[in-house]
Structures are given as structure tokens and as C-alpha cells.
Amino acid sequence: MDLESKVKKMGLGHEQGFGAPCLKCKDKCEGFELHFWRKICRNCKCGQEEHDVLTSNEEDRKVGKLFEDTKYTTLIAKLKNDGIPMYKRNVMILTNPVPAKKNISINTVTYEWAPPVQNQTLARQYMQMLPKEKQPVAGSEGAQYRKKQLAKQLPAHDQDPSKCHELSPNEVKQMEQFVKKYKNEALGVGDVKLPGELETKATDKNNVNSGDRSTSAAVGAMEDKSADQKASQYSCYRCKLNMKEDMIYFWKNGNLYCGRHYCDSEKPRCAGCDELIFSNEYTQAEGQNWHLKHFCCFDCDCVLAGEIYVMVNDKPVCRPCYVKKHAAICQGCHNAIDPEVQRVTYNNFNWHATQECFLCSCCSKCLIGQKFMPVEGMVFCSVECKKKMMS
């Protein structure tokens with residue numbers, strides 16, 4: 001398929017999960033509706049991973065595509081109808097007899113993922129080492145946690161151009177080269193072994209540069225084979241989030257990374273659309289990187305280049321949206337306070353710093369530059385005025 005065809009094929013899959021409830025906002029969200037280019041819900045601004053979207057097949061396609069053309073192809077299978085690589089998760093089903101008054105019932109527990117090892121006893125031991133709330137038992141909080149971790153640590157748009165927004169043919173080509181490079185040089189999948197089965201480590205420092213990126217877990221305690229050192233936590237060097245779910249990691253300079261932060265260490269990431277930037281021209285503002293077309297108001301999506309904006313929860317908001325939705329309200333005139341005008345703030349109360357607004361609540365004396373007495377959103381110039389108003 002040529003680059004032009006790939007560009008035409010791109011889409012963000014806006015139908016997927018439409019209307020799904022938000023697990024974070026509950027009834028405050030009308031249901032999931034994917035923003036056109038941001039990776040968030042248009043209604044509540046939470047990510048797709050915060051919504052109850054059935055994504056098992058999408059997750060398996062994402063990981064399957066990641067493992068395609070790597071040494072981990074044994075972990076994938078290609079569907080006959082479309083040839084799409086799918087991740088062959090090791091779904092483990094445990095059955096335990098439970099004594100009852102009359103009969104013995106069978107208690108079945110299904111793990112949506114378990115280490116891909118032949119020794120199922122070892123896999124069971126590994127799963128039991130995970131905290132109870134993080135065990136990916138089907139339908140549980142742990143299964144939801146695994147999905148959120150995969151979405152956060154392995155963004156589909158970090159490896160698949162079709163999941164990105166309006167890439168040029170040149171950007172598609174650059175991205176494909178980048179993905180091919182990290183598959184060959186950084187991608188790894190952890191293994192699980194009993195403590196006695198771990199190989200004796202060589203003390204030769206050359207092992208650090210040997211290129212062997214494999215890691216092993218001694219029933220949950222990860223041990224690095226190439227750096228001759230133990231890692232007490234199988235977690236990302238950058239974000240410190242645990243990566244024991246699915247045990248997929250990326251290797252760089254002797255450290256383990258999740259997919260997101262490995263890519264962040266190689267390429268700038270747009271704070272607007274969350275995609276990696278493959279263009280030579282992009283904007284840097286507020287300590288973050290942005291595609292030129294994505295430095296926009298978080299509320300209304302208007303372009304902010306050359307415009308006044310205010311940061312609200314680390315997101316840029318244009319002046320009109322700020323005044324309408326986020327601005328402090330003046331206790332004097334009860335109007336929104338423009339971000340560029342001076343204000344007086346005391347505790348959670350605000351006033352325009354003008355003779356018309358910052359006044360004694362009793363005698364209307366201007367209090368700018370004067371001592372005042374605050375009482376529940378009111379201000380007084382003297383004890384006498386306070387007594388008059390409070391009596």
C-alpha cells in the first residue's frame with residue numbers, strides 16, 4: 001500500500017465506544033464522544049480509557065501490530081479474513097472446588113492475561129504476587145486497571161499512522177522508520193522463572209552493551225539479564241508506573257521504559273493531540289510541545305497563535321472562554337474578572353482592584369491601599385462599620 005493510500009485510510013474511529021459511560025465522571029458525562037483530534041471525550045474531557053468502552057479486540061490488535069515483524073511473532077496470530085495480527089493473550093482459567101452443604105460447587109476465576117509460559121503453576125504464582133486490586137480477573141477492577149495501563153503506557157498512535165490525525169506522506173514515512181527502529185532496538189517482553197532457574201549472571205561489564213534486552217522475573221521480582229543488576233520494581237524509569245501487566249517494556253541506556261516514555265525520550269509529543277511530532281516545525285509554549293495547528297483553546301479549539309490565553313489546569317484557554325467559564329467573580333460587581341486586569345484576592349474571594357468594586361461593605365469607602373477587616377466575603381474599613389453591618 002503506497003503512502004497516499006495510507007493517508008486516505010486514516011481515521012480516528014469515532015464510532016467506537018460512542019455513548020459509553022465515564023467511570024470517573026459518572027452521571028456528569030452524557031456518554032463517550034471522541035473529540036475530532038484530541039484523544040479525549042468531547043463531553044467530559046476524560047480519556048477513552050476512563051470510559052467503559054469494550055476494547056479487548058482493539059487492545060489485541062494494537063499489541064499484535066506492535067509484535068508484528070519482531071522476534072515476538074509467536075505471541076500473535078493473523079486472522080484469515082483480513083490478515084490483521086492479533087495478540088494471543090494467555091487467558092488463564094482456574095477452577096477451585098468449593099464445599100457446599102449438599103454438593104461441591106466449582107468456583108471459576110478467569111484471568112484476562114497471564115504470563116505466556118508453559119508452566120501454568122508458575123503463571124498462577126506470578127498472578128498471585130500482584131496486588132489483589134490489580135489482578136486482571138475478568139469483570140473486575142483489576143481488569144479495568146490493566147486496560148487503563150495498556151492505553152496509557154502503549155498508545156496506539158505511537159506505532160500506527162492510521163491512528164494519527166492528518167499526517168503528511170512524509171510524516172507517515174518518518175513514523176514507520178521510527179517504529180521499525182524501536183521494534184528492533186528497544187522492544188522487549190519479560191519472562192517468568194523460579195528463583196533456582198535464573199541463569200548465573202556474568203560479571204563482565206561488556207554484558208551491558210551486549211544488546212540482550214531480555215528480563216526475567218523470579219516469581220514477580222524482575223531481574224535484568226544484560227545490566228547485571230536487580231530491579232526491585234519492574235517499572236518505567238520515567239513515570240515509575242509498574243509494567244507487570246503484559247510485561248511489555250522498552251530498553252534504553254540500561255533502563256526500562258514504558259512505550260509512552262520511551263517514545264517521549266526520542267521524539268517531542270504534542271500536548272494537544274498526544275501524538276508524536278514528526279514535523280520539523282512545531283510550537284513550544286508553557287514548557288510543552290505542540291503541532292502548529294494544535295496549539296488551541298482547550299474549551300473551544302480556536303487557534304491561539306498570537307492570541308491572549310490563560311493556563312487552566314495546565315491547558316491553554318482563550319480569553320473569551322476563560323472569562324465565560326473559569327474567571328473569578330468580583331464580590332463587588334458580581335461580574336467576571338478579566339485575566340489582564342488587576343484584582344484583589346483574599347482567601348477565596350476576589351474583587352476588581354478599582355474604586356467602584358473594592359469598597360467597605362457598610363459605608364462604601366474605597367479600600368485600595370487601606371487596611372480592611374474581612375468577614376465572609378464582605379470587607380469593612382473599621383470596627384464601627386463591621387458592627388453596624390453585623391448588628
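**Figure 1. Overview of the protein chain.** Of the 391 residues in the protein chain, 42% are buried, where buried stands for under 20% relative accessible area, exposed for over 50% and partly exposed for the range in between (1.4 Å probe, protein chains only). Please keep in mind that this is a predicted model, in which local features need pLDDT of at least 70 and side-chain atom pairs count only at pLDDT 80 or more, while totals for chains, interfaces and linings use all residues. Residues are numbered from 1 along each chain as its sequence is written, and side-chain values use heavy atoms, with hydrogens and water left out. The protein chain holds eight helices and 19 strands; these are DSSP runs numbered from the N terminus, with helices being H or I of at least four residues and strands E of at least two. Among contacts (heavy atoms within 4.5 Å) with a separation of 6 or more, 44% join residues 24 or more positions apart.

**Figure 2. Close-up of the ring pair Trp 113 and Tyr 126.** Rings of Phe, Tyr and Trp (its six-membered ring) pair if their centres lie within 6.5 Å; planes under 30 degrees apart count as stacked, over 60 as edge-to-face and the rest as tilted. By this rule there are 14 aromatic pairs. In the one shown here, the ring centres of Trp 113 and Tyr 126 are 6.4 Å apart and the planes stand at 75°, so the pair is edge-to-face. Because Trp 113 belongs to strand β4 (residues 104-114) and Tyr 126 to helix α3 (residues 120-129), the pair ties together parts that are 13 residues apart in sequence. Trp 113 counts as buried at 1% relative accessibility, and Tyr 126 is buried at 1% too.

Figure 3. Phe 358 is buried, with a relative accessible area of 2%, whereas Phe 372 is partly exposed at 27%.

**Figure 4. Close-up of an aromatic cluster.** Have a look at Phe 178, Tyr 182, Phe 250, Tyr 262 and Phe 278, which form one aromatic cluster.

**Figure 5. Close-ups of lysine charges over rings.** A charge sits over a ring if NZ of Lys or CZ of Arg is within 6 Å of the ring centre and within 35 degrees of the ring normal. Lys 45 places its charged end over the ring of Phe 298, 4.4 Å from the centre.
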